[in-house]
Amino acid sequence: LTDDSHAATERSGSTAEIYEYIDREKDRMVSELQEFVRKPSISSEKEEIENFSAYLAQRLEDTGLEVQLVSTKNANPTVFARLEEGNERCLMVYAHYDVQPPDPVYEWTMEPFGGELKEGRIYGRGTVDAKGGLFSWLKAVEAYRKVVNKLPIDLLFLFEGEEEIGSPNMGPILKENSDAFRRKNNGRIEGIVASDGREDPKGAPIVNLGLKGMLFVDMSLQGPEKVVHSMYAPVVDNPMWYLIQALSTMKTIEGTILLEGFYDNIRDPEADEKSLVSAMSPDEDGMLESLGAREFREGVRGTELLMKLVFDPTCNINGVTGGYCGKGAKTIIPSRATASIDFRLVPDQDPDYVFEKLRSHLVKKGFGKIGLQKRSSIQAIKTSSKERVARALIQSTKEAYGMNPHVYPMLGGSNGGLATLHKLLNLPIVGSGPGYIHLCHAPDEYIGIEQYLRGIKLAVSTVSVLSRIV
Ligand SMILES: [Zn+2]
């Protein structure tokens with residue numbers, strides 16, 4: 001992966017001292033994260049968001065940063081903070097402070113916003129996604145300033161408040177406030193580190209160099225104005241049948257996506273990207289267990305499994321609703337049918353192009369009556385492993401964890417905010433951060449204390465490595 005196998009032992013004196021400070025202060029740092037998690041910040045809850053963004057701004061100021069809340073009409077504010085001390089190099093850190101709703105709450109055995117500590121874990125919505133990683137950076141800055149006073153690079157922090165609802169306002173916020181997101185001296189920014197790499201189920205760190213794109217669409221069809229007795233099925237169209245038949249024309253059982261032109265613009269992965277993937281060996285059983293699945297599609301395993309996860313685009317059904325499946329007998333023709341589908345896209349598939357291909361496919365197959373609503377459209381992003389910020393993050397992850405990270409050219413997920421950031425700021429983006437990736441959006445989300453402390457050390461190490469790497 002990298003040619004610096006000796007790097008882990010070459011930790012600079014100051015980094016070791018900062019690590020010691022973190023170990024000394026860990027109890028306080030843990031209780032501060034608990035407090036951070038206890039303050040809810042569900043994207044759609046305006047009052048929570050207002051309170052939380054103000055609280056976050058205060059915490060950043062307490063850490064010595066200059067803070068600015070940047071927003072646009074009706075948007076949750078982006079919290080932007082800077083620590084500029086005249087260094088040549090500068091890194092931007094991205095995270096989001098909003099969280100998913102904890103629903104369904106009955107699946108939680110812990111309080112979703114309790115921040116409870118149990119058996120070495122801090123439980124709560126947002127501990128992994130993404131407050132743990134975000135807060136790690138605050139604590140890293142604190143530790144750095146306490147031990148060596150001045151950081152060796154400048155830092156910019158961009159904390160978004162609408163990631164969990166698809167970052168609808170990231171574009172307008174960046175465009176309307178383009179002066180805000182620069183260095184004061186207009187100098188170069190090395191790139192963006194996002195704390196959404198995280199760890200695999202065995203605790204091995206992941207560095208991700210890209211994210212898939214996404215097209216998220218609602219399909220709907222109105223049938224008869226009201227529910228009709230099924231005795232009329234010979235003469236009245238059933239919208240559920242129509243929708244299900246339309247869905248079945250979109251993909252083969254083997255997995256080939258049948259929209260004409262869907263595969264048109266896909267850029268083949270680079271040789272070094274393929275070798276990054278083939279260097280990893282997946283823990284299939286661990287993955288299956290954490291997914292609660294019995295087997296992988298088509299029985300894929302090993303390198304093929306990872307290649308598919310990383311490089312394959314998808315067409316997925318999130319849900320189909322309509323009609324009646326409740327208690328008792330009800331024989332009806334439903335009046336309405338809806339489906340929610342998403343496509344995960346790879347470079348250089350354009351989500352809007354795929355949307356048009358979906359529309360023309362349905363028309364061509366005789367399903368033109370189905371209404372389509374585009375809910376989000378996100379471009380895939382990918383950073384070269386040769387970028388300095390990528391090399392720095394790979395090396396610092398190795399230092400902080402004492403093991404080689406899994407380096408993914410792309411993760412299967414998508415992040416509209418990051419895609420927009422990448423497009424509008426034109427900066428490479430890489431990700432690595434603490435916490436198990438499979439706990440995102442899950443009930444009983446938690447971050448282990450050790451994971452969190454390592455996250456702080458990872459941030460410290462990232463600053464240190466980026467200041468000296470060639
Ligand atoms: Zn999330």
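This briefing covers a helix pair, a sheet, a pocket and some backbone details. The model is predicted. Helices α2 and α13 come within 11 Å of each other, axis to axis. Four strands form an open, antiparallel sheet. The second largest pocket holds about 420 Å³ of space.

**Helix pair α2 and α13**

- Helix α2 spans residues 26-38, and helix α13 spans residues 449-468.
- Their axes cross at roughly 100°. Angles of 65 to 115 degrees count as roughly perpendicular, so α2 is roughly perpendicular to α13.
- On the α2 side, the contact residues are K26, M29, V30 and L33. On the α13 side, they are I449, Y452, L453 and I456.
- By class, this contact has seven nonpolar residues, one charged residue and no polar ones.

**The four-stranded sheet**

- The strand order is β12-β14-β10-β15, with antiparallel pairing.
- The edge strands are β12 (316-322) and β15 (371-378), and each pairs on one side only.
- Neighbouring strands are turned by 10° against each other on average, direction ignored.
- β12 and β14 (residues 336-345) run antiparallel and are joined by six bridges.
- T321 has T338 in β14 as its bridge partner.
- Helix α10 (residues 351-364) lies across β10 (213-222), β14 and β15. Helix α10 runs at about 160° to β15.

**The second largest pocket**

- α5 (170-176), α10, β15 and α12 (416-425) each supply at least two lining residues.
- Helix α12 gives the largest share of the lining, with six residues.
- By class, the lining divides into eight nonpolar, nine polar and four charged residues.
- Two of these elements also belong to the sheet region: β15 is an edge strand, and α10 lies across β15.

**Backbone details**

- D103 and P104 are joined by a cis peptide bond, with omega about -5°. P104 sits in the loop between β3 (90-96) and β4 (117-118).
- A cis peptide bond also runs from D129 to A130, with omega near 0°. A130 is part of helix α4 (residues 127-148).
- E119 is not a glycine, yet its phi is positive, at about 45°. E119 lies in the loop between β4 and β5 (121-123).

Definitions and conventions: Residues are numbered from 1 along each chain as its sequence is written. This is a predicted model: local features need pLDDT of at least 70, side-chain atom pairs count only at pLDDT 80 or more; totals for chains, interfaces and linings use all residues. Side-chain values use heavy atoms; hydrogens and water are left out. Axes are lines fitted to C-alpha atoms, for helices over the stretch in contact, and angles run from 0 to 180 degrees between N-to-C directions. Angles under 35 degrees count as roughly parallel, over 145 as roughly antiparallel, 65 to 115 as roughly perpendicular and the rest as oblique. Contact means heavy atoms within 4.5 Å. Ala, Val, Leu, Ile, Met, Phe, Trp, Tyr, Cys and Pro count as nonpolar, Asp, Glu, Lys and Arg as charged, and the others, Gly among them, as polar. Two strands pair if DSSP finds at least two bridges between them. On a 1 Å grid over the protein atoms alone, a cavity is a set of points where a 1.4 Å probe fits but cannot get out, and a pocket is an open set with protein on both sides within 12 Å along at least five of seven lines; lining residues have an atom within 4 Å of a point. Grid points are joined across faces, edges and corners, and a volume is the space filled by probe spheres set on the points.
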